[in-house]
Amino acid sequence: MEKTINQRIKEQREDHDYTQEYIAKYLETTQSMIWKYESGYTSKIPMDVIKKLCLLYNVSSDYFLGLPRGLKYPGK
């Protein structure tokens, strides 16, 4: 079964040994909102949050979205 965006966000945080509190401060939100993102309580994660997490973890948004590697950008 493929991982959800929520599972991928939690997995990255744990792999980097960050707490929910640390990520909340980084994203300028609350720890309870991070819990909601990770638990699947909310599936609507704002694009600016995804972008900041991509930069923090040095991963593509494709990873969080569960898209296959190697997709082309428009015009290429």
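The following paragraphs walk through a predicted model, with attention to helices α2 and α4.

Residues are numbered from 1 along each chain as its sequence is written. Local features need pLDDT of at least 70, side-chain atom pairs count only at pLDDT 80 or more, totals for chains, interfaces and linings use all residues, and side-chain values use heavy atoms, with hydrogens and water left out. Here pLDDT is the predictor's confidence in each residue, from 0 to 100. The protein chain averages a pLDDT of 93, and 99% of the residues score at least 70. Among its elements, α2 has the highest mean pLDDT (98), while helix α5 (residues 61-65) has the lowest (93).

Helices (H or I, at least four residues) and strands (E, at least two) are DSSP runs, numbered from the N terminus. Helix α2 spans residues 20-27, and its buried residues (under 20% relative accessible area, with a 1.4 Å probe and protein chains only) are Gln-20, Ile-23, Ala-24 and Leu-27. They lie on the same side of α2, because they cover an arc of only 105 degrees around the axis; the arc is that of the directions from the helix axis to the C-beta atoms. These residues pack against α1 (5-15), α3 (31-39) and α4 (47-57), contact meaning heavy atoms within 4.5 Å. Just after α2, Glu-28 takes a positive phi of about 55 degrees.

In α4, the buried residues are Val-49, Ile-50, Leu-53, Cys-54, Leu-56 and Tyr-57. Seen down the axis of α4, they fall within an arc of 165 degrees and so line one face of the helix. The face turned away from that side carries Met-47, Lys-51 and Leu-55, which are exposed (over 50% relative accessible area). The cover over the buried residues of α4 includes α1, α2, α3 and α5. Just after α4, Asn-58 takes a positive phi of about 55 degrees.

Next comes the pairing of α2 with α4. The two helices pack at an angle of about 115 degrees, with their axes 11 Å apart; axes are lines fitted to C-alpha atoms over the stretch in contact, and angles run from 0 to 180 degrees between N-to-C directions. From α2, Ile-23, Tyr-26 and Leu-27 meet Val-49, Lys-52, Leu-53, Leu-55, Leu-56 and Tyr-57 in α4.

Leu-67 is partly exposed, with a relative accessible area of 40%, partly exposed being the range between buried and exposed. The C-alpha atoms of Leu-67 and Thr-4 are separated by 11 Å, although the two are 63 residues apart along the chain.
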